[in-house]
Amino acid sequence: MLALDNIGKTYPNGVHALDGIELRVDLGEIVAVLGGSGCGKSTLLRLIAGLDRPDPGRVTLDGTDMNGPHEKIGVVFQEPRLLPWLSVAQNVGFGLRGKRLAERRRLIEDALQRVGLADKADVWPRELSGGQAQRVSIARALVTRPEVLLLDEPFSALDAFTRIDLQDHLLHVWAQTHPRPTLIVVTHDIDEAIVLADRIVIMRPHPGRVQAEIAVDLDRPRDRAAHAFEELRRQVMAVLDQSLIHRLD
Amino acid sequence: MTDTSLAAPRTAARRFPGPGLALGLLLPLGLALIWEAAVAAGLNNGRLFPPPSVIAGTLWALWQTGALADHALATLGRVGAGFGLGVAAGTVAGALTGYSLLASRLLDPSLQALRAIPSIAWVPLFILWFGIFEASKIALIAVGVFFPVYLGLMAAIRSVDRKIVEVGRIYRLSGPEMVWRILLPAVLPAYVTSLRSGLGLGWMFVVAAEFMGASEGLGYLLVDGQQLGKPAQIVAAIIAFAILGKITDSLLAWASTPFLRWEDGFANHR
C-alpha cells in the first residue's frame with residue numbers, strides 16, 4: 001500500500017504548493033488526481049516519485065519510507081522523454097540493470113509487444129508519432145515491473161482520438177500485467193479520470209489540498225456515452241466548481 | 001515478430017557527393033580558366049597574380065623536391081600538438097565548469113578575462129617563456145584551440161535538458177552513470193562542433209606562429225614567398241593550407257558521424 005501522510009510542500013521562493021495531503025492507495029488500484037492548473041497535482045506526483053522532498057510529511061510504500069526515486073515506483077511524464085540517441089528498444093531497456101543480455105532482450109521484447117510496438121524496436125525515437133513515443137515511454141516504465149506507476153498528464157499533449165485510444169490501451173496493458181500495478185494518474189481531463197480510475201481525488205488550489213474523493217463504481221470497459229458516465233461527469237463537475245468558489249472567496 | 005536487438009538502428013549509408021560537386025566546382029574552375037586565358041592572351045602579365053598553370057608548376061616543383069611534404073608535415077605536426085593540448089585542456093575545464101557550479105564560479109571569470117585578450121598578443125610573452133622554437137608555437141595554437149572547446153562544452157553541458165536528466169534520476173543513475181549515459185551523449189553534437197571550430201582556429205594560429213620566425217612549415221613558405229617576391233609560392237602554400245584544413249575538418253566530421261546519426265536535425269532529413 002502506498003501511503004501519503006500529512007504531505008505539504010513550500011518552495012524556497014515561498015510558494016505554498018501543497019498542504020496536509022492524506023492518501024492511501026492499495027496495490028492494483030487506479031487513482032486519478034484531478035484539478036485545474038496550479039492546484040499542486042504535478043508537485044504531488046513529483047513528491048511520490050522522489051524527485052522532490054515533501055516538507056513536511058512522508059511517503060511510504062508497504063511501510064518503507066521513500067527517500068528519493070525507488071525501483072518500485074515508475075514514472076510516465078507528460079512528454080515521452082525518450083533519449084534521442086538510443087533506439088526504441090534501448091530506450092525501453094534503459095532502466096533494466098543487473099540482467100543478462102538475453103533476459104533483457106526478452107523483457108524489452110515483451111514490453112514492446114504489450115504496447116503494440118514490437119515492429120518499432122530498431123528505429124530512432126524521432127521516427128515515432130507522438131502517441132507511439134508515449135507508448136514507448138509506458139513500456140520503459142513498465143519493463144522494470146514497478147508496483148506503482150505514476151502518470152503525469154500522460155496524454156494531454158495528444159489529439160483527442162489518440163488520447164482515447166491510449167486511455168483504453170493503458171487499461172489493457174494494466175489488466176494484462178500480473179500482479180496489476182497501482183496507477184496514479186494526474187489529469188485535468190474529467191473524462192479521462194472517469195474512464196481510468198477506481199477513485200477520483202479532486203484537488204483545489206492555494207495551497208493544494210484534497211477537496212473531495214469520488215469512487216467510480218462503473219463496470220469496465222466504460223462507455224463514455226452511457227448515462228451513468230454522464231451522471232458521474234456532472235457530479236465531478238459540481239465538486240470542481242466548488243473548488244473554484246473556494247478560490248474566489 | 002522481429003528479433004529485438006540492442007544495436008543502434010540502421011541508417012542509410014553515408015552519401016557521397018554527386019552532381020552537387022560538379023555544380024560547386026563551376027565557379028572556381030571557370031574563374032581559373034578565364035584568368036589563364038587572359039594571361040595567355042597578354043591582357044595581363046600575371047606577375048603579381050600568377051595564372052593557374054604557373055601555380056600548378058610551382059606546386060609540382062615543390063612536391064618533386066620533397067619540400068612541400070616536409071613543410072606540410074612540419075605545419076601539420078604543430079597543429080596536431082597544439083590542437084591536442086588545447087582540446088585536452090578545454091575539455092577538462094569545460095566539463096568542470098559545466099558540471100559544477102563551484103568550479104564555474106571559481107574558474108569561469110578568470111578564463112573569460114583571458115579570453116578577452118587577443119591570442120596573438122601572447123606571442124612576445126610566449127617567445128620569452130618558451131623560446132623561439134616549437135614550444136612557443138604550439139602554446140599559441142593550443143590557446144587558440146582552447147577557448148572554443150571550453151566555451152562549447154561548458155554551454156552544452158549547462159543546456160542539457162533537465163527533463164532528460166530527471167529520467168536518469170528516476171532510474172537512480174550514479175554520478176558517473178549520469179555522465180556516461182545521459183550527459184555525454186547529450187553534449188556530443190555541440191562538442192563536435194566546438195572541436196571543429198577549435199581546429200579552424202588551430203589552422204589560423206599556426207600561420208601566425210610560423211610568421212614569428214620559422215625555418216620550415218607552410219607559413220614559412222608564405223613569408224619566404226613574400227620576401228623573395230614569389231607570388232606563385234605564396235598561392236601554392238595557401239592552396240596547401242586550404243587542402244589540409246579541409247581534409248582535417250572532414251576527418252573530424254567523418255569520425256563523429258557514427259555517434260551522431262540519431263540527430264533529428266535538418267541535415268538528417270535532406
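**Close-up views of a predicted two-chain model**

**View 1. A salt bridge within one helix of chain A.** In this predicted model, a salt bridge brings together the side chains of A:Glu230 and A:Arg233, with 2.4 Å from N to O. Both residues belong to helix α7 (residues 227-248) of chain A, where they sit three residues apart, about one turn of the helix. A:Glu230 is partly exposed because its relative accessibility is 29%. A:Arg233, at 16%, counts as buried, because buried means under 20% relative accessible area.

**View 2. A second pair in helix α7.** Here the side chains of A:Glu231 and A:Arg234 form a salt bridge, at 3.7 Å from N to O. About one helical turn separates A:Glu231 from A:Arg234, because they are three residues apart in helix α7 of chain A. A:Glu231 is partly exposed, with a relative accessible area of 39%. A:Arg234 is also partly exposed, with a value of 48%.

**View 3. A salt bridge between distant parts of chain A.** A:Glu147 pairs with A:Lys72 in a salt bridge whose closest N and O atoms are 3.7 Å apart. The two residues are 75 residues apart: A:Glu147 is in the loop between α4 and β7 (148-152), while A:Lys72 is in the loop between β5 (64-65) and β6 (73-76). A:Glu147 counts as partly exposed at 22% relative accessibility, and A:Lys72 counts as partly exposed at 33%. For this part of the chain, UniProt lists a "domain: ABC transporter" (unreviewed entry) at residues 2-230 of chain A. That span is 30% helix and 25% strand, and its end C-alpha atoms are 30 Å apart.

**View 4. Where chain A meets chain B.** In this view, 37 residues of chain A are in contact with 33 residues of chain B. The two chains bury about 3,400 Å² between them, with 58% of this area on carbon and sulfur atoms. A:Trp85, A:Phe94 and A:Arg126 supply 23% of the area that chain A buries against chain B, more than any other three residues.

**View 5. Polar and charged links across the interface.** Four salt bridges are found between chain A and chain B. One of them joins A:Arg97 to B:Glu177, with the closest N and O atoms 3.7 Å apart. There are also 11 residue pairs in polar contact between the chains. On chain A, helices α1 (41-49), α2 (88-92), α3 (101-114) and α4 (130-142) each supply at least two residues of the side that touches chain B. Helix α3 of chain A gives the most, with six residues. The residues on this side of chain A comprise 18 nonpolar, seven polar and 12 charged.

**View 6. A buried serine in chain B.** B:Ser136 lies in helix α6 (residues 134-158) of chain B. Its relative accessibility is 0%, so B:Ser136 counts as buried. The side chain of B:Ser136 reaches the backbone oxygen of B:Phe133 at 3.3 Å. Leaving aside residues up to four places away in sequence, B:Ser136 touches B:Phe126, B:Ile127, B:Phe130, B:Gly131 and B:Met212. UniProt places a "domain: ABC transmembrane type-1" (unreviewed entry) at residues 72-252 of chain B. This span is 85% helix and 0% strand, and its end C-alpha atoms lie 19 Å apart.

**View 7. B:Val235 in helix α10.** B:Val235 is found in helix α10 (residues 231-260) of chain B. B:Val235 is partly exposed, with a relative accessible area of 21%. The C-alpha atoms of B:Val235 and B:Leu128 are separated by 32 Å, and the two residues are 107 residues apart along the chain.

Note on methods:
Residues numbered from 1 in each chain as written. Chains lettered and ligands numbered in written order. Predicted model: local features only at pLDDT ≥ 70, side-chain atom pairs only at ≥ 80, totals over all residues. Heavy atoms only, no water. UniProt positions renumbered as here; feature names shortened; annotations may be inferred. Helix = DSSP H or I, 4+ residues; strand = E, 2+ residues; numbered from the N terminus. Buried < 20%, exposed > 50% of the residue type's maximum accessible area, 1.4 Å probe, protein only. Polar contact = N/O pair within 3.5 Å; in protein donor to acceptor, adjacent residues only side chain to side chain. Contact = heavy atoms within 4.5 Å. Buried area = accessible area lost by both parts, 1.4 Å probe. Nonpolar A, V, L, I, M, F, W, Y, C, P; charged D, E, K, R; others polar.
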